[in-house]
Amino acid sequence: MILTVATSPFDDQKPGTSGLRKKVPHFKQPHYAENFLQSIFDVAERDAGATLVIGGDGRFFNREVIQIAIRMAAANGFGRVVVGQDGILSTPAASNLIRKRKAAGGIVLSASHNPGGPDGDFGIKYNIANGGPAPEAITEATYQRSRALAEYRISDAPAPDLSILGETMIEAMVVEVVDPVADYAELMQTLFDFDKIAAMIAGGFRLEFDAMHAVTGPYGKAIIEGLLGAPAGTVVNGIPLEDFGGGHPDPNAVYAADLIAKLMDEDGPDFGAASDGDGDRNLIVGKGIVVSPSDSLAILAANAHLAPGYAKGIAGIARSMPTSQAADRVAAKRGLPLFETPTGWKFFGNLLDAGKVTICGEESAGTGSDHVREKDGLWAVLLWLNVVAERGESVKAIVESHWSEFGRTFYQRHDYEEIDSKAAAGLIGSLRDRLASMSGQRFGTLVVSEADDFSYKDPIDGSISTGQGVRILFSGGSRIVYRLSGTGTKGATLRVYIERYEPDSTRHNVAPQEALAELIDTADVIGEIKKRTGRSEPDVIT
Ligand code: G16
């Protein structure tokens, strides 16, 4: 029976950079998840009997909300739900299924790289029919709907057992439980030269993939150990756990320190990689070198044609504004269009749909292509492996030859986490107030050439997004960018992005901290970070 349940609106269901993310206890409030799901169903466009894809990264509370989502989908006119076995789907695999099944959209349950567990984070994201995150117009409409919601609809029938593959019914809706890996693995085989990579591995190339006890464990095992024939044990932390084993499933220098240490050892593997909670981020480490995400985007864009799926070349490149300008230099040299978008994968969707770009990426460890409409961690790992196999060079050699061809863009992101929200707003507000007088000001050897608050007009649908981050540009191409994260769940996180271009290859062999020293000091002077936040050091540098 379909029930209509009376509810009261919550005032804090505004989606951030990527869906609604809150602490688990917050999500556990009565009606909280139901209200947000009903708000999505009320604004999401679909025909009667449409298909909905549902999956999540397996974190704590995933099972409960999947059951609720299925029972609500049955009460909201969907004809079929396609759900990953045990409720598991990586974010890129969900994107692929939405596209392949011509679904009206998908619900992805994840808080990405944020920690999980009873006091950890949880999230709900809605993806549209192209497989990508809902654009701002839809997330805003969802928020407005959530503020006025008075009731939601749900079936009182229990959702089916999600451990069994196959079809069952709930009300008039089919629930189809699918293997979470199969379609995704099939797609990867259309893009990359699996034989060539497998031959490289059989020839003694050693690799390690850290799934961080998150969703990519089964994907990594099936693809890297299964299809590519890497020895058992190549995928470490490969069993998805509800609390990620107590770890922080964020593939960066802090949380993937063990993997990085192995790659810095002469006797260690040749190639290391990691992915995050929901499988859309990636970390690439070569022997003796950690590849910065912005460099990875530029290098993959410059080499993608070496993989069969991109042999015809790429149409263009898109990067989020805070991502370094390394990719711009590839685009300029290769005569390709380059698009600079606000932070958030949702801004790439229209460009990909219109065929304007093939490769997209972000400084936040995300790279992807037009094969789905999400960033894709394993895809990046496989493209890197394909490039390494094709070039027959080490990761380090490939990175260094890229720098000598295009110049090196030194880059760091400094995160100040859980700072006071008012202090954070004050810092950004003060920067905005000073923008008009900034041009021409000198800080040591640095002269400000331009300063603005980034806004973006989508070239396809004309929508405008303002207030996307304060940019201070210096003559010579250096930059400092300040913005507040849209994915945190406690206080505010200030992100400061710092970059400097160095064309001279005799000066490439310097640590970023050293190459960026003057800009790092200047970031504090201009941003008044210590004074306003009381913090003398960032919590994380990536
Ligand atoms: C999400 C978005 C990304 C964004 C990242 C960081 O990634 O999909 O586009 O770059 O958050 O956003 P912020 O700087 O606002 O915290 P994920 O992997 O968390 O879904």
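This report describes the domains, the nonpolar cores, the ligand site and some local features of one protein model.

The model is predicted, and for that reason local features are taken only where pLDDT is at least 70 and side-chain atom pairs only at pLDDT 80 or more, whereas totals for chains, interfaces and linings use all residues. Residues are numbered from 1 along each chain as its sequence is written, and side-chain values use heavy atoms, with hydrogens and water left out.

**Domains and cores**

The domain assignment divides the protein chain into domain 1 (2-179), domain 2 (184-406) and domain 3 (408-541), with bounds that come from an automatic or database domain assignment. The centres of domain 2 and domain 3, taken over C-alpha atoms, are 26 Å apart, and 27 residues of domain 2 are in contact with 24 residues of domain 3, where contact means heavy atoms within 4.5 Å.

A nonpolar core is here a set of buried Ala, Val, Leu, Ile, Met, Phe, Trp, Tyr and Cys residues joined through side-chain atoms within 4.5 Å; buried means under 20% relative accessible area, exposed over 50%, and partly exposed in between, with a 1.4 Å probe and protein chains only. The largest nonpolar core has 72 residues, of which M188, F192, F271, I317, W379, W384 and L385 touch the most other members. Helix α13 (residues 377-391) gives the most to this core, with eleven residues; helices (H or I, at least four residues) and strands (E, at least two) are DSSP runs, numbered from the N terminus. Because domain 1 (2-179) and domain 2 (184-406) both give residues to this core, it lies between them. Leaving aside residues up to four places away in sequence, L385 touches I197, M200, F205, L207 and F271.

**The ligand site**

Around the ligand there are 19 residues, of which T17, E362, G486, T487 and R495 come nearest; a residue counts as near if one of its heavy atoms lies within 4 Å.

| Residue and atom | Distance to a ligand oxygen atom |
|---|---|
| G344, polar backbone atom | 3.3 Å |
| S364, polar side-chain atom | 2.7 Å |
| T487, side-chain N or O atom | 2.5 Å |

Taken alone the ligand exposes 460 Å², and the protein buries 99% of that, with areas from the Shrake-Rupley method and a 1.4 Å probe.

**Local features**

In helix α11 (residues 326-334), the buried residues include A326, A327, R329, V330 and A331, and among the elements that cover the buried residues of α11 are α10 (293-303), β15 (317-320) and β26 (492-502). Just after α11, G335 takes a positive phi of about 65°.

S112, although not a glycine, has a positive phi of about 55°; S112 is placed in the loop between β5 (105-109) and β6 (121-128) and counts as buried at 2% relative accessibility. E171, also not a glycine, has a positive phi of about 50° and sits in the loop between β8 (166-170) and β9 (173-178), where E171 is partly exposed, with a relative accessible area of 32%.

Strand β9 holds E176, which is buried with a relative accessible area of 12%, and a polar contact of 2.6 Å joins the side chains of E176 and R80.

Notes: Polar contact = N/O pair within 3.5 Å; in protein donor to acceptor, adjacent residues only side chain to side chain.
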